[in-house]
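Visitor: I have a model open and would like to learn how to read its features. Where do we begin?

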Amino acid sequence: GMTSLEYSRSNFVRLIPPKYAPARFARGRFIEMTDYASWADLAVSMLPLYDKAAAALDENVQAEIERIRAASTDPRQRTQAVLNLVQDKVRYVALSMGTGNYVPADAKTTWSRRYGDCKGKTALMLAMLHALGIEAEPVLVSTVLGDGLDARLPLVGLFDHVIVRASIGGRTYWLDGTRLGDK
């Protein structure tokens, strides 16, 4: 029930990447394998993790949502308030052990301990934005690989960060809960 692949080649010529070229030119030769048929399939497999994490709310998170709701009816101002809250009131701490590398802590947990990684902060923002009626979804990104990911096979390991894409009035807003002071 196993499949094997054998590849043999000799007389390799050393690859010298062009100076100042994007990172995709410096990676050299490699072989990739994946179980995902497309990038969309990868996204579909990750989305339920964020849906579940964003669904966990408690009275403390709900109180913050109601405070933001009462302060403004403008969805952009509400989105700004959510972003400010997550950036300013929840400390960023990388959590990479166990399932922390891919599975976000839920919104309730992230808010109660007042720290979280990009995944937990994203889940908290999603929970709050959804409760305020703002369309938003998680977006996996690579902060180091640069362009050219679309030419690679869909692999979860290519991503090292997650942010929120919010849609308000036909415009797209990219929100990173791990940063500070975004306007």
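Visitor: In which sense do β3 and strand β4 pair, and over how many bridges?

Guide: This is a predicted model. Strands of a sheet pair through backbone hydrogen bonds, in either a parallel or an antiparallel way. Here β3 and β4 (residues 161–168) are antiparallel, joined over seven bridges.

Visitor: What is the strand order of the open sheet?

Guide: The order is β3-β4-β5, three strands with antiparallel pairing. β3 (135–141) and β5 (171–175) are the edges; each has a single partner strand, so one side of each lacks a neighbour in the sheet. From one strand to the next, the twist averages 30°.

Visitor: Which helix lies across β3, β4 and β5?

Guide: α5 does, at about 15° to β4.

Visitor: Now helices. Which residues of α2 are buried?

Guide: Start with the general idea. An α-helix has 3.6 residues a turn, so residues three or four places apart point the same way. In α2, the buried residues are V61, E64, I65 and I68. Viewed down the α2 axis, they fall within an arc of 100°, so they line one face of the helix. E59 and A70, on the other side, are exposed.

Visitor: What do the buried residues of α2 pack against?

Guide: Three helices: α3 (75–89), α4 (107–113) and α5 (118–131).

Visitor: Which residue caps the N-terminal end of α2?

Guide: D58. One of its side-chain oxygens lies 3.1 Å from the backbone nitrogen of N60.

Visitor: How far does α2 reach from its first C-alpha to its last?

Guide: α2 (residues 59–71) has 13 residues and reaches 18 Å, close to the 18 Å expected at 1.5 Å a residue.

How values were computed:
Residues numbered from 1 in each chain as written. Predicted model: local features only at pLDDT ≥ 70, side-chain atom pairs only at ≥ 80, totals over all residues. Heavy atoms only, no water. Helix = DSSP H or I, 4+ residues; strand = E, 2+ residues; numbered from the N terminus. Expected span 1.5 Å × (residues − 1). Buried < 20%, exposed > 50% of the residue type's maximum accessible area, 1.4 Å probe, protein only. Arc of directions from axis to C-beta. Contact = heavy atoms within 4.5 Å. Polar contact = N/O pair within 3.5 Å; in protein donor to acceptor, adjacent residues only side chain to side chain. Pairing = 2+ DSSP bridges. Axes fitted to C-alpha atoms, helices over the stretch in contact; angles between N-to-C directions.
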